[in-house]
Amino acid sequence: MDHATSDLKEFITDLVIPHQRCNVNIIPDHITMLEGTKIKKQLSRKRRAHKSSTLNRREYAALGLNTLPTKQMKYEEALPLHQLWKGYVREHLELREGGQVPQVHDARYEEFSRKLVKMDLHGAKLKVLQSKCSTLEGLAGICVMDTKNVLKLLGKDHRLRTIPKSECVFGLKVGNMEFTIFGQHLNIRPAERSVKKIKSFVQPFM
């Protein structure tokens, strides 16, 4: 059965009242598609309407679907997200039992650090260690949004703050070690960052 015949069968079935649709038996061989028929035009309109139902990035932003409420979120509500993130990190970084990460002298460390930069940060606990804007230094919270240019951190005071990536250096704890990550290494959307080639590696700090 070709795509056009399948669409026509669905269209004809939709014309029958709901409780009688189970009794409809359409034989594909008996269906004839005629150019310019009213049914074919209606099918074309139906396909176009279906295609246009998907929002593009600009429409998505215009509806405010990529923003978060600044005063209605509670820090405690983000803690389950952080727990999910910890499970994701253990699997993504292939951490050993107990969350032990490889030491710097370990042969696995360089590959580990590249994976660290590529991972999704939604749910991670981050702290701004350094920033060109001094008022941002020391801010910490759970990351509830990771975009191309900014991270949105929800602090323990229940305030949602927007932190520019390229302006800051972040602290991140994974397993038994804490790491310093330069924001410029994160300056890409999470989905694209996961497949990006990373040449440098991340240094831990004690």
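What volume does the second largest pocket have? The figure comes out at about 220 Å³, counted as the space filled by probe spheres set on grid points joined across faces, edges and corners. A pocket here is an open set of points on a 1 Å grid over the protein atoms alone, where a 1.4 Å probe fits, with protein on both sides within 12 Å along at least five of seven lines; lining residues have an atom within 4 Å of a point. Of the 11 lining residues, Trp85, Lys86, Lys173, Val174 and Gly175 sit closest to the pocket centre. Two or more lining residues come from each of α4 and β5, and α4 gives the largest share, 5 residues.

The model is predicted, with local features needing pLDDT of at least 70 and side-chain atom pairs pLDDT 80 or more, while totals for chains, interfaces and linings use all residues. Residues are numbered from 1 along each chain as its sequence is written, and side-chain values use heavy atoms, leaving out hydrogens and water.

Now for α4 itself, residues 75-92. Helices (H or I, at least four residues) and strands (E, at least two) are DSSP runs, numbered from the N terminus. After α4 comes Glu94, with a positive phi near 55°.

Conventions: Expected span 1.5 Å × (residues − 1).
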